Amino acid sequence: MHELVERELYEALEYARSIDEETAKRILIQFEIDQPMFSTTLFNVFPSIIGDQSGEEKYRYLAHYFADLTFDVLCVYQKAFGKMPRTFDDDPTWIESQALLLDKELAPLLASSRINEKAAKKMREDFFKPKEGEFIQTGLVEFVNMAIDDFVENSGEDYHASIIDLMKTMMFVVVRMFNNLYTPA
C-alpha cells in the first residue's frame, strides 16, 4: 500500500460518489460479511457516538453524514487497493487489537481537558502524527475534513465545535483503521 497521490485519490473519490444505490447496498453487505465487527464499529457504533449528542435531531443528521463519509472512505480503499482483506479468517481479534491500540492513544487525548493547554496541544499533535512505519492518507483526511466543514457550513445548524472536532478525529481513526487493514502485519 502507498499514500494516494492526487490523481489516484480523485479517481477513487469519483468512483465512490458515482455508485448507485444497488451497488452501494452490495458493497455494504459484502463489507459486513468480510469484516463484521469492523462494519458494526464504523456504521453503528461511531455514528451513534455523534448522533446521541444531547438528543438533538441535528446531531442525527451529522451522524448520517459521518456514515456517508465512511462509505466514501471504504470505496476509496477498495478502488485504490483492491478487494477487502478478510481479517477475521486470519485474526478474529483484529478489531479488538485495533480498539486497544487506539484506546492507548486516545485515552491521553481525551484526558487533555484536565491538563494544561500546552501539554494537550502536544498530545493532539502526537496522535495525528504517523507512527513508526506508518503513513497517513493525507489527501483523504484533508478531503473528509473539508467535506465536514462544508456540510456544517451549508447545514444552517449551529453545531458545537467540540462535536465537529470529534467527528474529524473519528474520521481520522476510520482512515487509520483502513490503512491498518490493508497493510500486512
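Predicted model: local features only at pLDDT ≥ 70, side-chain atom pairs only at ≥ 80, totals over all residues.

The charged end of Lys58 sits over the ring of Tyr159, 5.7 Å from the ring's centre. I found another case with Lys79, whose charged end sits over the ring of Tyr15, with 5.7 Å to the centre.

Next I stayed with Tyr159 and asked what kind of ring pair Tyr59 and Tyr159 make. I count 11 aromatic pairs in the structure. For Tyr59 and Tyr159 the ring centres are 5.4 Å apart and the planes stand at 70°, which is over 60 degrees, so I put the pair down as edge-to-face. The two are 100 residues apart, with Tyr59 in helix α4 and Tyr159 in the loop between α8 and α9. Buried or exposed? Tyr59 is buried at 0% relative accessible area, and Tyr159 counts as buried too, at 9%.

Then I looked at Tyr77 and Tyr182. Their ring centres lie 5.6 Å apart with the planes at 35°, so this pair is tilted. Tyr77 belongs to helix α4 and Tyr182 to helix α9, 105 residues apart in the chain. I noted both as buried: Tyr77 at 0%, Tyr182 at 10%. Both also belong to a cluster linked by ring pairs, together with Phe31, Phe38, Phe43, Phe81 and Phe178.

Phe38 and Phe43 took me to helix α3, where they are among the buried residues, as are Leu42 and Phe46. How far apart should the ends of α3 be? With 16 residues (36-51) at 1.5 Å a residue, I expect 22 Å, and the end C-alpha atoms are 21 Å apart, so that agrees. I also wrote down a bend of about 30° at Leu42.

Last entry: salt bridges, six of them in the structure. Lys168 pairs with Asp149, the closest N and O atoms being 2.7 Å apart. Lys168 is in helix α9 and Asp149 in helix α8, so this bridge ties together parts 19 residues apart in sequence. Asp149 is partly exposed, at 35%.

Two others I checked sit within single helices. Arg60 reaches Glu57 with 2.9 Å between the closest N and O atoms, and both lie in α4, three residues apart, about one turn. Glu21 and Lys25 come to 3.8 Å; they are four residues apart in helix α2, so about one helical turn separates them. Glu21 is exposed at 60%, while Lys25 is partly exposed at 43%.

Terms used. Residues numbered from 1 in each chain as written. Heavy atoms only, no water. Expected span 1.5 Å × (residues − 1). Bend = angle between axes of the 7 residues up to and from the residue. Buried < 20%, exposed > 50% of the residue type's maximum accessible area, 1.4 Å probe, protein only. Salt bridge = Lys/Arg side-chain N within 4 Å of Asp/Glu carboxyl O. Phe/Tyr/Trp six-rings, centres within 6.5 Å; stacked < 30°, edge-to-face > 60°. Lys NZ or Arg CZ within 6 Å of the ring centre and 35° of its normal.
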